[in-house]
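Please keep the sequence and the coordinates at hand while reading.

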Amino acid sequence: MKFWKVWFVKSPNASYLANRNDLRKCTSNIQGGERTKYEVGGNRFNSFSQNVSKMLKAGQSLEKAKMELYDEVRQNFASFLSANAGNQPYCYWWGPTNTHRSWVKGSGKNFWGIDPDSLKGKLPPFLPDEHIVRQDFSDYLGEVMAFDAGLGVIIEMLKERGELNNTLIVVSGDHGMPGFTHGKCNLYDFGTNVTLAARWPSVIKPGRVVDDMVSLMDLAPTFLDVANVHIPKVMTGKSLLPLLKNKSLDEPNRYWIITGRERHVESARDGNLPYPQRAIRTKEFLYIINFKPDRWPMGNPEKPNVSIKEVE
């Protein structure tokens with residue numbers, strides 16, 4: 001399933017807690033973000049390779065270091081489940097940021113056995129097929145494998161509770177690879193076309209691959225639809241539930257997806273100026289328009305107060 005997403009104007013991080021009778025989006029500490037973050041185990045998973053490196057230097061084994069971070073995921077999810085009074089239907093949002101930069105150089109090979117040179121000839125054609133690039137790519141893939149392992153912890157917990165086959169699991173990327181040409185903060189496919197996978201054995205036929213045009217905006221109405229909650233007219237996305245049930249979308253003539261960008265780091269330019277772009281993606285073509293092509297895409301190079309980490 002092809003899935004497009006790109007950054008728009010920055011907004012506070014969101015935490016989610018939902019059931020059939022109550023769907024809340026907490027967008028700040030004032031509105032409940034602190035209360036619903038469920039991080040009793042910590043948030044070191046977000047810097048996976050860095051924290052594994054620290055534990056290795058302290059004398060721990062690689063396997064034990066990984067397990068310590070997996071246990072953090074387990075504790076956090078358990079704290080969420082324990083807060084679900086009355087065993088009500090719920091929505092849990094797990095969004096680790098370890099695949100965002102930065103990561104430890106060489107961690108892909110050292111922690112996950114991904115040899116950079118095994119990627120020779122496999123990189124996207126717009127990236128130099130050089131060892132240093134392949135190594136950076138392999139390190140990113142190592143962080144993806146860490147995410148996969150963390151997700152496995154959550155799936156195993158659902159299985160232990162007997163809830164796995166009655167739970168809709170949706171997995172997607174946030175954006176394209178950060179710090180690479182065409183990647184995060186760009187409207188090229190490498191920056192917006194991300195994975196979308198769903199598992200719900202009682203509804204979704206396993207092994208299906210579909211190529212319908214869908215977007216991040218479709219997830220919210222999908223979750224509301226699954227929970228039998230009214231979908232507000234203000235939502236422009238369409239529920240994917242019919243598609244998950246092997247039917248067609250309510251919008252069968254959707255032949256294109258719109259993506260857009262304004263800014264990522266608001267201080268990257270004087271006056272907090274954006275880099276406004278819009279794009280239309282069909283199955284055959286991608287059309288991108290830059291409304292201010294005279295501006296630097298990633299920010300003014302003379303800005304001394306913007307770090308490389310912020311830009312990435």
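**Helix packing and selected residues**

Helices α2 and α4 pack with their axes 9 Å apart, at an angle of about 40°. Axes here are lines fitted to C-alpha atoms, for helices over the stretch in contact, and angles run from 0 to 180 degrees between N-to-C directions. The angle makes α2 and α4 oblique to each other, since angles under 35 degrees count as roughly parallel, over 145 as roughly antiparallel, 65 to 115 as roughly perpendicular and the rest as oblique. The crossing of α2 past α4 is right-handed; a crossing is right-handed if the near helix is turned clockwise from the far one by less than a right angle, and left-handed if anticlockwise. On the α2 side, Tyr-70, Val-73, Arg-74, Phe-77, Ala-78 and Leu-81 meet Ala-149, Gly-150, Val-153, Ile-154, Met-157 and Leu-158 of α4, where contact means heavy atoms within 4.5 Å. By class, this contact of α2 with α4 comprises 10 nonpolar, 1 polar and 1 charged residues. In this classification Ala, Val, Leu, Ile, Met, Phe, Trp, Tyr, Cys and Pro count as nonpolar, Asp, Glu, Lys and Arg as charged, and the others, Gly among them, as polar.

The model is predicted: local features need pLDDT of at least 70, side-chain atom pairs count only at pLDDT 80 or more, and totals for chains, interfaces and linings use all residues. Residues are numbered from 1 along each chain as its sequence is written, and side-chain values use heavy atoms, with hydrogens and water left out.

The chain as a whole may now be placed around this pair. Its secondary structure comes to 8 helices and 10 strands; helices (H or I, at least four residues) and strands (E, at least two) are DSSP runs, numbered from the N terminus. Of the 312 residues of the chain, 42% count as buried, where buried means under 20% relative accessible area, exposed over 50%, and partly exposed in between (1.4 Å probe, protein chains only). Among contacts in the chain with a separation of 6 or more, 62% are accounted for by residues 24 or more positions apart.

Helix α2 also packs against α1 (residues 48-57), at an angle of about 130° and with the axes 9 Å apart. The helices α1 and α2 are therefore oblique to each other, and their crossing is right-handed. The α1 side of the contact is formed by Phe-48, Asn-51, Val-52, Met-55 and Leu-56, and the α2 side by Leu-62, Ala-65, Lys-66, Glu-68, Leu-69 and Tyr-70. These residues of the contact of α1 with α2 divide into 8 nonpolar, 1 polar and 2 charged. Which residues of α1 are buried? They are Phe-48, Ser-49, Asn-51, Val-52, Ser-53 and Met-55, and what covers the buried residues of α1 includes α2, α3 and α4 (131-160). After α1 comes Gly-59, whose phi is positive, near 105°.

The loop between α2 (62-82) and α3 (107-112) holds Trp-103. Trp-103 counts as buried because its relative accessibility is 9%. Not counting residues up to four places away in sequence, Trp-103 touches Ser-49, Gln-50, Asn-98, Asp-136, Asp-139, Tyr-140, Glu-143, Pro-178 and Phe-180. The side chains of Trp-103 and Asp-136 are joined by a polar contact of 3.1 Å. Such a contact is a pair of N or O atoms within 3.5 Å; within protein, one must be able to donate a hydrogen and the other to accept it, and residues adjacent in sequence count only if both atoms are side-chain atoms. Trp-103 and Phe-48 are 55 residues apart in sequence, yet 7.8 Å apart in space, C-alpha to C-alpha. Ser-102 also lies in the loop between α2 and α3, and the peptide bond from Arg-101 to Ser-102 is cis, with omega near 10°.

Two residues other than glycine have positive phi values. Tyr-38, with phi near 50°, is placed in the loop between β3 (22-26) and α1 and counts as buried at 15% relative accessibility. Asn-272, with phi near 55°, is found in the loop between β8 (256-261) and β9 (277-282) and counts as partly exposed at 40% relative accessibility.
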